[in-house]
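Please read them with the coordinates open.

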Amino acid sequence: MGIQELNKEIRTNSFEKMKKRSLKQLTASWYQDDLLYSGVGKTISIILPTIGCSWALGDSGGCTMCSYISDSFLENVNADEVFELFVSEFEKHDLTENTGVKIFASGSFLNPIEVPTVARDKILKYLSKKNDVKELVVESRPEYIKKNVLKDIFACLGDKLFEVSVGLETSNDFTREEKINKGFSEEDFEKSMETIKSLKNSYNIKSKAYILVKPILTSESEAIEDAIETATYCERTGVDRISFTPTTIHKGTLVEQLWKRGSYQPPWIWSVVEIINETRKNLSIPSFMDTSGFGSRRGPYNCKKCNKILKNAIIESNIKQSLIEEVNCECKSHWIGDKKSSSLNYSKTRVKHLPLI
Ligand code: SF4
Ligand SMILES: [Zn+2]
C-alpha cells in the first residue's frame, strides 16, 4: 500500500470516530508577546472554522503529521457566520499600538473553497480600519498564491503588512513527497515565492516558510541537518522569515500510527536548540521555533529536569532573535547517543528513555 492510500485509510477511520462540533466550538483565539516586522508587540491568533483543507479532504488524505482536518467543520460555512465569529474572537482581546493578527484557517486562507471570498474581504476591510493592527499573517498552500488574489486582498486591506506563510516543510523533494505527502514540489514553492516577490514594489507583502523538524523515517541527525539546510534554502529563495515546527503527535495521523508502534519519536529538544542556534548564527532572516507540545508525551522531549528551562529559553529567544545559551543536563548524553544512531535503531533508544504513560 502506498503512502497516500495508507494516509487516506487512517484519515477515513478517524473521520468515523469524530464527534461533530459546532462552529463556535471550533473557533478559538489567544494573545501573546511576539516579534512583528515593526518590532516587539503582541499577536492575536484566531482559529477560524472552515470546511477543511482541500488537500486533506481529497484522495491524498493530507499530510502525514497534520490533524487540522479533525478540527474542521467538513461542510461549507456561511460567509457571514465566519465573519461574525472572527469579530467576536478579535474583540475579546485588548490591542496595543503594535498588534499583529494571525488567522489560522486550518488549511489555506487563500483558497476560496476553504475561506469564502465574501468572508475574507469582510475580515480584511474590518482589519484595515484598526490603526493598532500593524500586520496580518495567513497560511496558504502554494497553488492558491496568485497575483490577482493578492491584489484583491490589498484592495481590501490597504497598506497594512500582509504575510503569507507556506508549509514548505523541507527543501528535499523526496522527503516532502514520500514522508510528508505534501503534494507540491520545490518548483511549485519557488513559483509562489516569485509571485510574492513580483508584488513587493507595489504592496506591503511578505512571505514565511514553515519547516517541519523531523518527518517520519528520519533519524535525529538527519532531522537536524535537513532543517538547517532547508532554512538556508529559504533564505536563498528570498523568503522573509522562517518558522520551525517540530513534530508533535496528532490524533488520526500516520505519524501517530508509527509512534504507537514505537517506530517514531518527536525530536529531542536538544536537537531543536541546535537547529535554532545554527540557523541564527548563519542566516540573517528572522527565525522562530514553535514550542507547542514541548515536554509532553506527544511532543519534543528531553527530561523532566530541563524540558521547561529550554522551552522558556526558546520562547524568549524567539522575541530577541538570540542564541540559546549552553544548558547542561544528564539527559544530553542520551541525545548524543541518539544522534549517532541510524533511523532504524533510533526509536529503541529513545523509547527506553521516555517516561511511561
Ligand atoms: S499541513 Fe496544511 S496542507 Fe497539509 S493537510 Fe495540514 S492543513 Fe492541509
Ligand atoms: Zn534533561
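1. Asparagine 312 sits in helix α11, residues 307-320. Helices (H or I, at least four residues) and strands (E, at least two) are DSSP runs, numbered from the N terminus. Asparagine 312 is partly exposed, at a relative accessible area of 43%. Buried means under 20% relative accessible area, exposed over 50%, and partly exposed in between (1.4 Å probe, protein chains only). The C-alpha atom of asparagine 312 is separated by 21 Å from that of isoleucine 211, 101 residues apart along the chain.

2. A word on basis. This is a predicted model, in which local features need pLDDT of at least 70 and side-chain atom pairs count only at pLDDT 80 or more, while totals for chains, interfaces and linings use all residues. Residues are numbered from 1 along each chain as its sequence is written, chains are lettered from A and ligands numbered from 1 in the order in which they are written, and side-chain values use heavy atoms, with hydrogens and water left out.

3. Asparagine 307 is also found in helix α11. Is asparagine 307 buried or exposed? Asparagine 307 is buried, with a relative accessible area of 7%.

4. Now the loop between β6 (205-213) and α8 (220-237), where serine 219 has its place. Serine 219 counts as buried, at 2% relative accessibility. Leucine 217 lies in the loop between β6 and α8, but leucine 217 is exposed, with a relative accessible area of 54%. Check the backbone of leucine 217: phi is positive, about 55 degrees, although the residue is not a glycine.

5. Glutamine 321 is partly exposed, with a relative accessible area of 24%.

6. Valine 239 lies in the loop between α8 and β7 (241-246). Valine 239 counts as buried at 2% relative accessibility. The C-alpha atoms of valine 239 and alanine 209 are separated by 6.8 Å, the residues being 30 residues apart along the chain.

7. How many aromatic pairs does a search of the whole structure find? The search finds 9. Rings of Phe, Tyr and Trp (its six-membered ring) pair if their centres lie within 6.5 Å; planes under 30 degrees apart count as stacked, over 60 as edge-to-face and the rest as tilted. Tryptophan 30 and phenylalanine 104 are stacked, 5.9 Å centre to centre with 10 degrees between the planes. Tryptophan 30 lies in strand β1 (residues 28-36) and phenylalanine 104 in strand β3 (residues 99-104), so the pair ties together parts that are 74 residues apart in sequence. Tryptophan 30 is partly exposed, at a relative accessible area of 34%.

8. Phenylalanine 154 and phenylalanine 162 pair with centres 5.9 Å apart and planes at 85 degrees, so this pair is edge-to-face. Both residues are buried. Elsewhere, Phe83, Phe86, Phe90 and Tyr126 form one aromatic cluster.

9. Charges over rings. A charge sits over a ring if NZ of Lys or CZ of Arg is within 6 Å of the ring centre and within 35 degrees of the ring normal. The charged end of lysine 20 sits over the ring of phenylalanine 73, 4.0 Å from its centre. The charged end of lysine 214 sits over the ring of tyrosine 264, 5.3 Å from its centre.

10. Ligand 1 has around it Cys53, Ala56, Gly62, Cys63, Cys66, Tyr68, Ser106, Gly107, Arg141 and Lys182. A residue is near a molecule if one of its heavy atoms lies within 4 Å of it. This shell divides into 5 nonpolar, 3 polar and 2 charged residues. Ala, Val, Leu, Ile, Met, Phe, Trp, Tyr, Cys and Pro count as nonpolar, Asp, Glu, Lys and Arg as charged, and the others, Gly among them, as polar.
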